[in-house]
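Keep the structure in view, and try each task before you read its solution.

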Amino acid sequence: MILMNGDRRVAMFSLDDAYIEILDQEFLPLSIKDVIKTTTYDSPEQLKESMRTIDKFKDFLSGRVLNIAREHAKEILNSLSFSQSSKTSERIAIVLACSGLSMTDNFWIKEDDDTRTFADVNLRNKRLGDAAFAISILGSSISATKEIMQPDVGTEGMFAKTWYRGENKIELWKTDKTTACVNTKAEIEVSGILDHSNVSHVRYEGFQKDGKLIAKCELLADDAKSVINGYEVRDWCNNHNLHFTDWLASNFKEDFAKMCVIDYVIANTDRHLGNIHFWVDNLTNRIIGLTPLFDHNQALIADRFGTNIDDLLYDATGDTMVETAVKYWKSANIVIDEAYLPEACKARLEKIGVR
């Protein structure tokens, strides 16, 4: 089989034969770039290195399937008669059945004699519709075609969501299972707050469909730019002896600082590395920036329950949320209209010495 990056062949492999041949190291996925090598078994040292390569490649493949704990994940997998096992081998089988495709990058997998181009398989060119909504958002137990459900099989996160193609753009639709749709309302409210700031962010709009409150936003990736998460970038940093936080603060100083501060202000306690995304230039396979901030459906929730977030750890820095906000405030250069801030948010601004 061949791992492709767009129409570029980057690796040939056979997992049954424990064989990988690197064809283009520069355009491999960043999490395994400069780490995996063509497998050889001529010595004990080469055997160990080759097995590490196989394991890292398997990790990359299995990471392209949704988390089985995600809401309605079982319904999504059942709709395609896929296994619900969390075993790496079963997850890889799903990836291979779906050609390893994703909405957020240009990697895919094909057989050696497959003559298709990326344009033929690109999920961003495919029809998206109501069957995926019924399964992924409503949890309906129905069968669907692979083409309809492929985009949802590889979607990150734990909340119910699906991709939907409108007249001119692809949107991500999200909801939650609380009775009052608390998380979805928070997503929409925070979007409105950030609309009145200079913080780059994904804009969410709310609407009702089939009795569900949905928050929708536009797809960030396109054929020119891929989107990868912080776990992948952290692995890339580790592989190149770079400290993730220091590298972030050095290369994207103001955007990183804005994220650190605004997450404290809006009580976003869910900025794990999977909720930090980066753009990759598909022409160079290099990281070119942080994407606009997104996924705020757990912001403001602590305030509803009177929870003090000051001493909670902030994943991106390893410090507490209040320590992080204080440290990065001056670098953030945030401008925000306080008229749109809830009182608890204003109090946090005052606590870090802004007001």
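The exercises that follow use a predicted model.

**Exercise 1.** Locate Ile309 and decide whether Ile309 is buried or exposed.

Solution. 
- Start with the place in the chain. Ile309 sits in the loop that runs between helix 11 (301-304) and helix 12 (321-332).
- Next, take the relative accessible area, which is 1% for Ile309.
- Apply the cut-off: buried means under 20%.
- Ile309 is therefore buried.
- Now look for contacts, leaving aside neighbours within four places in sequence. Ile309 touches Tyr264, Ala267, Thr269, Ala302, Met321 and Arg348.
- Finally, compare with Ala11. The two residues, Ile309 and Ala11, are 298 residues apart in sequence. In space, their C-alpha atoms are 46 Å apart.

**Exercise 2.** How many cavities of 30 Å³ or more does the whole structure hold, and what lines the largest cavity?

Solution. 
- Search the whole structure. Four cavities of 30 Å³ or more turn up.
- Take the largest cavity. Its volume is about 100 Å³.
- Turn to the lining, which has 15 residues. Closest to the centre are Pro29, Leu30, Phe107, Ile228 and Asn285.
- Sort the lining by type. Seven residues are nonpolar, five are polar and three are charged.

Notes:
Residues numbered from 1 in each chain as written. Predicted model: local features only at pLDDT ≥ 70, side-chain atom pairs only at ≥ 80, totals over all residues. Heavy atoms only, no water. Helix = DSSP H or I, 4+ residues; strand = E, 2+ residues; numbered from the N terminus. Buried < 20%, exposed > 50% of the residue type's maximum accessible area, 1.4 Å probe, protein only. Contact = heavy atoms within 4.5 Å. 1 Å grid on protein atoms, 1.4 Å probe; cavity = no way out; pocket = protein on both sides within 12 Å on 5 of 7 lines; lining within 4 Å. Points joined across faces, edges and corners; volume = space filled by probe spheres on them. Nonpolar A, V, L, I, M, F, W, Y, C, P; charged D, E, K, R; others polar.
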